[in-house]
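My notebook is open, and I want to get to know this protein one look-up at a time. Follow along with me.

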Amino acid sequence: KGEWYLYSQILIILLHLIPPYPNAEYVIFPLNIFFLITGVLISSKGLIIALNAFIDLGDNLTPLPYPMKESVFVRKNTYSAVRHPLYKGLILISFGIFIFSLSIIHLALLICLVYILRKKALKEEELLKIKFDEYNEYIKSVPAVIKNIKYLDWRY
């Protein structure tokens, strides 16, 4: 039922806790501070987006790509800007971690996370189109995850 999306997502998120490689000690001091602050700000923005999306979904939240039987179509607040704001938040958190750590490992984790979340979102959308007639119109007008990045904005 799509559990592998969830397990993969959790594993990749947990792997973000591993130490960076290579270590960014070689970066000169002012640049190091710039990357650190920028990464923290990006991750913080992602956390805020994810928390707001979590709140906006309310009782409709499910970790699997299948909508619950009693779910309703949510398109207010964070869901008026993008169709998958929770995924956008997770991607921004991962991107911020990559920026402040300057780690090749964390870049690879970011790429893997983007791939898994895209696959999961596409699966969700297949089912949401079936459950909600108006979802097709929503797809046409609202970006998927990040506007103007073709891989993350698959409007038809």
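How many helices and strands does the protein have? I found six helices and zero strands, where helices (H or I, at least four residues) and strands (E, at least two) are DSSP runs numbered from the N terminus. From the N terminus on, the elements run α-α-α-α-α-α.

A note on the source: this is a predicted model, in which local features need pLDDT of at least 70, side-chain atom pairs count only at pLDDT 80 or more, and totals for chains, interfaces and linings use all residues. Residues are numbered from 1 along each chain as its sequence is written, and side-chain values use heavy atoms, with hydrogens and water left out.

Next I looked up a helix pair. The axes (lines fitted to C-alpha atoms over the stretch in contact, with angles from 0 to 180 degrees between N-to-C directions) of H1 (residues 3–15) and H5 (residues 104–131) come within 10 Å and cross at roughly 160°. H1 and H5 are therefore roughly antiparallel to each other, a label for angles over 145 degrees.

Which residues of H1 meet H5? I listed Trp4, Tyr5, Ser8, Gln9, Ile12, Ile13 and Leu15. Their partners in H5 include His106, Leu109, Cys112 and Lys123; contact means heavy atoms within 4.5 Å.

Last, I checked the whole protein. Its C-alpha atoms fill a box of roughly 55 × 30 × 25 Å, taken along the principal axes. Of the 156 residues, 43% count as buried, meaning under 20% relative accessible area with a 1.4 Å probe, protein chains only.

Technical notes
Angles under 35 degrees count as roughly parallel, over 145 as roughly antiparallel, 65 to 115 as roughly perpendicular and the rest as oblique. Buried means under 20% relative accessible area, exposed over 50%, partly exposed in between (1.4 Å probe, protein chains only).
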